[in-house]
Amino acid sequence: MSVPPFEFFNITRCLSSWMSNKKRILLIDDEKVSFDTIDFILGEVFELIHKREFREGQTALKKDKYDLVLLDLDLDNTGSRGLRKGLE
């Protein structure tokens, strides 16, 4: 039994709409294993963006919106200081 083209189109449109509504997580961490682990656990549900340096993360935050930011506080000894400075 074949599926009429309009039904396939509706399914495709629903899936693309669902995919475009994924929540975005920015991970700022210099260790790839951290990103790989979080991507393995959350990657199918969330859109993950990985930045390896604190400054790259700051730039990303200025350019785009994220629903959650995960920051390695020991990131090159800048993570926690940069976070505190940003909150002051």
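The model is a predicted one, so local features are taken at pLDDT of at least 70 and side-chain atom pairs at pLDDT 80 or more, while totals for chains, interfaces and linings use all residues. Numbering starts from 1 along each chain as its sequence is written, and side-chain values rest on heavy atoms, with hydrogens and water left out.

To start with the overall layout, the chain holds 4 helices and 3 strands (DSSP runs numbered from the N terminus, with helices being H or I of at least four residues and strands E of at least two). In sequence order these give the pattern α-β-α-β-α-β-α. Of the 88 residues, 20% count as buried (under 20% relative accessible area, with exposed being over 50% and partly exposed in between, for a 1.4 Å probe and protein chains only). The accessible surface comes to about 7000 Å², and carbon and sulfur atoms account for 57% of that (Shrake-Rupley method, 1.4 Å probe; for residues, only the protein chains shown count as cover). As for contacts (heavy atoms within 4.5 Å), 51% of those between residues at least 6 apart in sequence join residues at least 24 apart.

Next come the strands. E1 is mostly covered, with 4 of its 5 residues buried. E1 pairs with E2 in the parallel sense over 5 bridges (pairing requires that DSSP finds at least two bridges between two strands). Within this pairing, Ile 25 has Leu 48 of E2 as its bridge partner. The loop between H2 and E2 contains Glu 44, which counts as exposed at 71% relative accessibility.

Helix H3 (residues 54-63) has two sides to look at. Its buried residues are Phe 54, Gly 57 and Ala 60. Viewed down the H3 axis, these fall within an arc of 120°, so they line one face of the helix (the arc is taken over the directions from the helix axis to the C-beta atoms). On the other side of H3, Arg 55, Lys 62 and Lys 63 are exposed.

Phe 54 and Ala 60 turn up again in the largest nonpolar core, whose 7 residues also include Leu 26, Ile 28, Ile 49, Tyr 66 and Leu 75 (a core is a set of buried Ala, Val, Leu, Ile, Met, Phe, Trp, Tyr and Cys residues joined through side-chain atoms within 4.5 Å). E1 and H3 each supply at least two residues of this core. Setting aside neighbours within four places in sequence, Leu 75 is in contact with Ile 28, Asp 29, Asp 30, Arg 52, Glu 53 and Phe 54. In soluble globular proteins, nonpolar side chains tend to be buried together.

Finally, there are 2 salt bridges (a side-chain nitrogen of Lys or Arg within 4 Å of a carboxyl oxygen of Asp or Glu). One joins Arg 24 and Glu 47 at 3.3 Å, N to O. Arg 24 belongs to strand E1 (residues 24-28) and Glu 47 to strand E2 (residues 47-51), so this pair ties together parts 23 residues apart in sequence. Glu 47 is partly exposed, at 35% relative accessibility. Another salt bridge links Asp 36 and Lys 32 at 2.9 Å, N to O. Both of these residues lie in helix H2 (residues 32-42), 4 residues apart, or about one turn of the helix. Asp 36 is partly exposed at 34% relative accessibility, and Lys 32 is partly exposed at 43%.
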